[in-house]
Amino acid sequence: MVFTALKDRLWKEMKGWKEKLLSRAGKEILIKSVIHAIPTYLMAVYRLPVSVIHDIQAMTAKFWWGNTDSKHKMHWINWGSLCTPKCLGGMGFRDIGIFNSALLGRQAWRLLKSPTSLLARVMSTKYYKNAEFLDSYLGTTSIFSWSSIWSSKSLIMDGTLWRIDNGSKFRIWEDSWVANDDGMYVTTPRIHGLSLVCDLLEGGEWSYNLLVQNFNDRYVTAILGIPLSGNPQEDN
C-alpha cells in the first residue's frame with residue numbers, strides 16, 4: 001500500500017542518519033528539509049489516515065530524541081509542543097495532519113477559482129456536473145483522491161468571505177458574505193420574500209429601509225459597510 005511504502009521510506013532515511021553523529025541543529029535541518037518534504041506530494045492528493053500521521057510523527061520524535069532499536073530515550077516534550085513556533089518555545093516542526101489539510105485545501109481552492117483547469121474539468125464532469133465545487137456531494141463511489149479533496153471543503157467554506165457585486169449568486173442565510181462579531185453567516189430568523197443577497201439591493205445600492213426593517217443594528221451596520229462595485233458582474 002502507498003502509505004506503507006511512505007512510512008518505510010521515511011524510516012529507512014532516519015535509520016541511515018542514526019548511524020552518523022548529528023547535532024540537534026543537524027537533526028532539525030534534516031527533519032524540516034527531508035522528512036517533512038518527502039510526503040508533501042502524497043499529502044497534496046490524499047488525506048493521510050490518522051494512524052499513518054501518528055506513525056510518522058512517532059518515528060520523527062524517536063529520531064529527534066535519539067532513540068535506537070536497542071535504546072529508548074526519554075521524550076522530554078510531546079510532539080505537539082515541538083510543532084509550535086520557536087517564538088512560543090517549540091521547534092517549528094510541521095504538524096503533519098494540519099499540513100495535509102492545508103495542501104488539500106489548496107487543491108479545493110484551485111477547483112473553485114480555476115474551473116477551466118484540467119483537474120477542475122475532470123472532477124466536475126464526474127462529481128459535480130452543472131454545479132460548483134462548494135455545492136458538490138461526496139457520493140458513494142468516489143475515488144480516494146476526490147474524497148480527500150472534498151473533505152477540505154468545510155475548511156474553504158469556514159474561511160471564505162465572498163465579495164458581493166450584484167448579489168445574485170449568494171444566499172442570505174446559507175453563504176458567508178457578511179462579517180461581524182457573530183461570524184460570517186447571517187444568523188437571524190429567515191424572512192419570507194428574502195432569499196438572495198440581491199433582494200437587499202435597490203438600484204445597485206443597499207436598501208437601507210429594507211435592512212432596518214428586517215435586521216438588527218449590528219447586521220445593518222455590517223451590511224452597509226460592504227462595498228459594492230456597481231458592476232453587473234457575478235459575485236466572487
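These questions and answers go through a predicted model, taking some helix pairs and then some single residues.

Me: Are helices H2 and H4 roughly parallel or roughly antiparallel?
Reply: Helix H2 covers residues 24-35 and helix H4 covers residues 50-65, and the two pack at an angle of about 160 degrees. Their axes are 10 Å apart. An angle over 145 degrees counts as roughly antiparallel. H2 and H4 are therefore roughly antiparallel.

Me: How many residues in the contact of H2 with H4 are charged?
Reply: On the H2 side, the contact is made by Arg24, Lys27, Glu28, Leu30, Ile31 and Ile35. These meet Thr60, Phe63, Trp64 and Trp65 in H4. The residues of this contact divide into six nonpolar and one polar, and the number of charged ones is three.

Me: How do H6 and H7 lie to each other, roughly parallel or roughly perpendicular?
Reply: The axes of H6 and H7 come within 9 Å and cross at roughly 85 degrees. Angles of 65 to 115 degrees count as roughly perpendicular. H6 and H7 are therefore roughly perpendicular.

Me: How many residues in the contact of H6 with H7 are nonpolar?
Reply: Gln107, Arg110 and Leu111 are the H6 residues, and they meet Leu119, Ala120 and Met123 in H7. The contact has one polar and one charged residue, and the number of nonpolar ones is four.

Me: Why are the buried residues of H11 on the same side of the helix?
Reply: Helix H11 covers residues 217-224, and its residues Tyr219, Val220, Ala222 and Ile223 are buried. On the other side of H11, Asp217 and Thr221 are exposed. In general, an α-helix has 3.6 residues a turn, so residues three or four places apart point the same way.

Me: Which elements do the buried residues of H11 pack against?
Reply: The buried residues in question are Tyr219, Val220, Ala222 and Ile223. They pack against strand S2 (205-206) and helix H10 (208-214).

Me: What is the phi of asparagine 130?
Reply: Asparagine 130 is in the loop between helix H7 (118-127) and helix H8 (144-150). Asparagine 130 is exposed, with a relative accessible area of 81%. Most residues other than glycine have a negative phi. Asparagine 130 is not a glycine, yet its phi is positive, at about 65 degrees.

Me: Which residues is glycine 97 in contact with, leaving aside its neighbours within four places in sequence?
Reply: Glycine 97 is found in helix H6, which covers residues 96-113. Glycine 97 and valine 52 are 45 residues apart in sequence, and their C-alpha atoms are 9.7 Å apart in space. Leaving aside the neighbours within four places in sequence, the contacts of glycine 97 are Arg47, Ile53 and Gln57.

Me: Is glycine 167 buried or exposed?
Reply: Glycine 167 is in the loop between helix H9 (153-159) and strand S1 (201-202). Its C-alpha atom is separated by 7.8 Å from that of aspartate 199, which is 32 residues apart from glycine 167 along the chain. Under 20% relative accessible area counts as buried. With a relative accessible area of 0%, glycine 167 is buried.

Me: What is the separation of the C-alpha atoms of threonine 4 and valine 52?
Reply: Threonine 4 lies in helix H1 (residues 2-18). Threonine 4 is partly exposed, with a relative accessible area of 38%. Threonine 4 and valine 52 are 48 residues apart along the chain, and their C-alpha atoms are separated by 8.3 Å.

Methods: Residues numbered from 1 in each chain as written. Predicted model: local features only at pLDDT ≥ 70, side-chain atom pairs only at ≥ 80, totals over all residues. Heavy atoms only, no water. Axes fitted to C-alpha atoms, helices over the stretch in contact; angles between N-to-C directions. Helix = DSSP H or I, 4+ residues; strand = E, 2+ residues; numbered from the N terminus. Parallel < 35°, antiparallel > 145°, perpendicular 65-115°, else oblique. Contact = heavy atoms within 4.5 Å. Nonpolar A, V, L, I, M, F, W, Y, C, P; charged D, E, K, R; others polar. Buried < 20%, exposed > 50% of the residue type's maximum accessible area, 1.4 Å probe, protein only.
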